[in-house]
Amino acid sequence: MRIAVIGAGSLGIVIGGLLARAGRDVELVAHRQESVDALNSQGAVITGALEAVIPVTAVTPAQLHGTYDRVLLLTKLDATRQALAELSSHLNADSLVCTLQNGMPEELVAEAVGKQRTAGGVVLIGAARQGPNVSRLTSKTEMLAHAFEIGELDGRATPRITELAETLSAVGGCHVVPNLLDIRWAKLLINTSVGAMTAVFGSGNKTIMETPEALALTIRAADETIRVAHAAGCKLAPLQELDMEVLAIPAGPEGGRPEDRFALFREYFLPWGETRSSMHQDLAAGRRTEVRLLNGYVAAKGRELDVATPVNDFVMRVVTDAEAAGRVPTMAESLARAKQELTQ
């Protein structure tokens, strides 16, 4: 079975490398020749919670050859159309493209390659790219036991999705789920709150959890995402056996308070340490972020469903302004701006 990992970034290096170590026939696909050359000559170098140097095969999209039976799509969301166009002639009738991207990409993938060749899932471990062929695994080792949740679009536990889960088990625990959309909303909550705030505040996760004003905004962003999901007819699925629904701000006679969820957020997310999201990493590297397809998606869906999303709107403004300025904002700057722009 030939496997292509499309997007040899922080997670692509880890996933592709560990699949290669398990003896899988896998190719890592990257646009930058520098990355391809480093991966081929020096291997996939994994540091952090796991230390390994693994020989791999890497190619550019122009070097794709033959057809691939399984494709793991790990590009940035705004690169999806281009990646699928480059891949289209390298799929066979039984190929399966499993998007492991952030956001809600399954509809776009299915449109490009056909619903019958599309599956999806979420990655529940974190990594940070340290070089063209180097990635630091930022999640604690124990988190590898529950690294992926994947599923078919129709929720069936088919032989092919079960086989793919077994393949991914070379990287970490992989579970087949019947409720892919609910899983997507649960991961989107992470992206739009805990993840996005590392970009908004220019800080690691632990610092945000320990800063009450920043944590309050994180909780408000999560609460908005939950309310939009409910309005869309979805219920957030558990992630890594953690109930994501209970992260909503509890209702009260005068409205709930973010402070009512401080303890729970710290229980859930302090174990992540000073993790910084891909959104933060992109800002720091001067790259365009995925904020428009994450917080922007929630805000647009909220307008469609008449659910207010002031904090997600705020995140959009801060991050897009930071992109234009070419630098990551500081905690002090963003807290001062929030005080000006948001009604507490």
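Residues are numbered from 1 along each chain as its sequence is written, and side-chain values use heavy atoms, with hydrogens and water left out. Because the model is predicted, local features need pLDDT of at least 70 and side-chain atom pairs count only at pLDDT 80 or more, whereas totals for chains, interfaces and linings use all residues.

Helices α3 (80-87), α4 (106-113) and α6 (180-200) each supply at least two lining residues, and α4 gives the most, with five; helices (H or I, at least four residues) and strands (E, at least two) are DSSP runs numbered from the N terminus. By residue class, the lining divides into 11 nonpolar, four polar and eight charged residues, where Ala, Val, Leu, Ile, Met, Phe, Trp, Tyr, Cys and Pro count as nonpolar, Asp, Glu, Lys and Arg as charged, and the others, Gly among them, as polar. At least three lining residues come from each of domain 1 (3-178) and domain 2 (182-342), the bounds being taken from an automatic or database domain assignment.

Helix α1 (residues 10-21) has 12 residues and extends 17 Å from its first C-alpha to its last, close to the 16 Å expected at 1.5 Å a residue, the expected span being 1.5 Å times one less than the number of residues. With 10 of its 12 residues buried, α1 is largely enclosed by the rest of the structure; buried means under 20% relative accessible area, exposed over 50%, and partly exposed in between (1.4 Å probe, protein chains only). Among the buried residues of α1 are Ser 10, Gly 12, Ile 13 and Leu 19. Just after this helix, Gly 23 adopts a positive phi of about 90 degrees. Helix α8 (residues 212-231), with 20 residues, reaches 29 Å between its first and last C-alpha atoms, close to the expected 28 Å, and is mostly covered, 15 of its 20 residues being buried. A glycine with positive phi also occurs just after α8, where Gly 233 has a value of about 85 degrees.

The structure contains four aromatic pairs. In one of them, the rings of Phe 265 and Phe 269 have their centres 5.5 Å apart and their planes at 55 degrees, so the pair is tilted; rings of Phe, Tyr and Trp (its six-membered ring) pair if their centres lie within 6.5 Å, and planes under 30 degrees apart count as stacked, over 60 as edge-to-face and the rest as tilted. Phe 265 and Phe 269 are four residues apart in helix α9 (residues 262-269) and are therefore separated by about one helical turn. Phe 265 is buried at 0% relative accessibility, and Phe 269 is likewise buried, at 1%. Phe 269 also forms an edge-to-face pair with Trp 272, at 5.1 Å centre to centre and 80 degrees between the planes, while Trp 272 is partly exposed at 22% relative accessibility. Ring pairs link Phe 265, Tyr 268, Phe 269 and Trp 272 into a cluster.

Positive phi values are also found in residues other than glycine. Glu 241, with phi near 65 degrees, lies in the loop between α8 and α9 and is exposed at 71% relative accessibility. Asp 306, with a positive phi of about 60 degrees, is placed in the loop between α11 (295-305) and α12 (310-325) and is exposed at 73%. By contrast, two further loop residues are buried: His 146, between β10 (134-137) and β11 (148-152), at 12% relative accessibility, and Asn 133, between β9 (127-131) and β10, at 3%.
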